[in-house]
Amino acid sequence: MEFELTYTDEQEAFRREVTEFFDRVLPPDLSERPKTQEESRAKYLQRRAFGRQLGERGWLYPYAPKEYGGGNLGFDLVLVLEEESHRRGLRIPPYYDSGGKYGSATILVWGTDEQKQRLLPPIYRGEVRTWQLLSEPNAGSDLAGVESLAVRDGDDYVLNGQKIYVGSDHGCDRIWLIALTGPKADRHRNLSWFMIDATSPGIDVQPQVLLSSIGEGEGDVGNKNTVYFNDVRIPAENLVGGENNGWPVASTHLELEHGAIGSIGRDRIWRRLIDYCTAEVRDGERLIDNPDVRDKLAEIYERLESVRLLALRNFWMVASKSKRSYEGSQFQYVKKTTGLWLTKAILEIIGPAALVDDDIWGAMNGFAEEQQREGIVGMHPGGTTDIGRLIIARRLGLGKREAERAGTLHQ
């Protein structure tokens with residue numbers, strides 16, 4: 001059975017346009033892992049600059065409405081753009097922008113016309129980077145249990161509290177946050193969402209040292225932070241979706257984070273793994289010429305391709321406004337468990353070199369070692385695999401309950 005996509009002349013013409021643009025503006029080593037703090041900062045600034053160049057063309061958020069700075073591209077052209085980006089070891093956006101990715105899509109559904117005009121263009125043009133702040137010391141998988149409190153005071157809300165497992169390196173410009181606004185109201189009727197200026201007085205960001213930390217890197221898991229809020233004033237105009245209506249708004253955000261739109265490019269480690277096995281010689285034989293290695297590589301490709309095809313299906317379902325159910329959480333579950341399986345598979349092929357991050361023994365410029373940690377840590381962000389299985393069961397209507405509906409992604 002053939003799963004590979006075919007493309008029309010128009011789609012291939014767009015691919016040539018994308019390729020020419022990438023070849024002209026991309027620094028050749030932008031996707032490689034930095035080794036020092038200075039190199040990390042320089043690469044981050046390069047990624048932000050590249051993001052602004054994408055934003056000028058509407059390609060930073062290519063599926064977003066053109067009236068707010070997106071590209072308004074069809075599903076097919078977005079796929080081409082994603083493929084060419086992944087071919088170069090990059091994602092779109094080319095930097096960690098979780099609050100922009102999920103927050104902007106949520107604002108499209110729940111924001112007022114004024115909020116869309118004011119908040120969305122800077123995200124889509126690459127002028128701001130936004131972190132999402134959800135988890136707290138007492139609220140992670142149970143997001144409805146957040147305790148950070150925002151109290152109305154005139155034209156502002158005053159926020160106090162703490163968020164954990166936040167963002168990555170190099171700070172952010174905005175914060176997309178869920179907080180408690182009705183402490184005496186019923187559960188799920190007491191929360192609200194805010195978009196916050198990250199330079200507001202009273203915000204303190206402290207790095208967290210975790211297994212996922214990758215030195216000075218800029219990965220999707222990567223370094224995380226704890227963020228403290230001490231009497232932070234938020235203009236009431238930045239409340240999105242209405243006071244105490246945060247749970248319906250969260251259904252949109254979480255539907256996206258739980259895999260409704262997954263990455264549709266091939267896994268960034270695959271090409272590096274093939275290149276490594278082609279170049280690495282052991283006992284007088286290239287790794288890739290070893291039958292056992294070739295069998296394991298074929299198995300890895302099959303698993304990674306299954307994840308990509310599930311993401312592709314989900315992306316098409318959202319773009320075509322098809323009825324959705326369990327598909328997002330199914331993709332996330334398969335992606336997470338595949339990532340964990342991949343740590344062992346790569347270790348079987350490469351051996352101890354997959355556990356070392358240095359210029360002499362570290363395989364794939366340290367990407368193999370990074371994957372060993374990311375495969376473990378990746379089981380948790382955006383809801384654990386147990387949460388994913390629970391959502392799938394509820395969407396299927398298992399047990400004595402009516403099937404749960406998918407979160408709203410369109411107006």
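**Rings, a helix and a serine**

Analyst: Let's start with tyrosine 63, which is partly exposed, with a relative accessible area of 33%. Here buried means under 20% relative accessible area, exposed over 50%, and partly exposed in between, using a 1.4 Å probe and protein chains only. Keep in mind that this is a predicted model: local features need pLDDT of at least 70, side-chain atom pairs count only at pLDDT 80 or more, and totals for chains, interfaces and linings use all residues. Residues are numbered from 1 along each chain as its sequence is written, and side-chain values use heavy atoms, with hydrogens and water left out.

User: Okay, how many aromatic pairs are there?

Analyst: The count comes to twelve aromatic pairs. Rings of Phe, Tyr and Trp (its six-membered ring) pair if their centres lie within 6.5 Å; planes under 30 degrees apart are stacked, over 60 edge-to-face, and the rest tilted. One of them joins tyrosine 63 and phenylalanine 315: the centres are 6.4 Å apart and the planes at 75°, so that pair is edge-to-face.

User: Where do those two sit?

Analyst: Tyrosine 63 is in the loop between H2 and helix H3 (75-87), while phenylalanine 315 is in helix H8 (residues 291-319), so the pair ties together parts 252 residues apart in sequence. Helices (H or I, at least four residues) and strands (E, at least two) are DSSP runs, numbered from the N terminus.

User: And is phenylalanine 315 buried or exposed?

Analyst: Phenylalanine 315 is buried, at 5% relative accessible area. Its ring also pairs with phenylalanine 75, with centres 5.5 Å apart and planes at 35°, so this pair is tilted. Phenylalanine 75 is in helix H3, 240 residues from phenylalanine 315.

User: New topic: how many residues of H4 are buried?

Analyst: Ten of the 13 residues in H4 are buried, including Tyr102, Ile107 and Val109. Among the elements covering those buried residues are helix H5 (113-124) and strand S4 (174-180).

User: Last one: where is serine 31, and what does it touch?

Analyst: Serine 31 lies in the loop between helix H1 (9-25) and helix H2 (37-57). With 12% relative accessibility, serine 31 counts as buried. Beyond its neighbours within four places in sequence, serine 31 is in contact (heavy atoms within 4.5 Å) with Arg47, Arg88, Gly89, Leu90, Arg272 and Phe367.

User: What's going on between Arg272 and Phe367?

Analyst: Arginine 272 lies over the face of phenylalanine 367, 3.7 Å from the ring centre. That label needs NZ of Lys or CZ of Arg within 6 Å of the ring centre and within 35 degrees of the ring normal.
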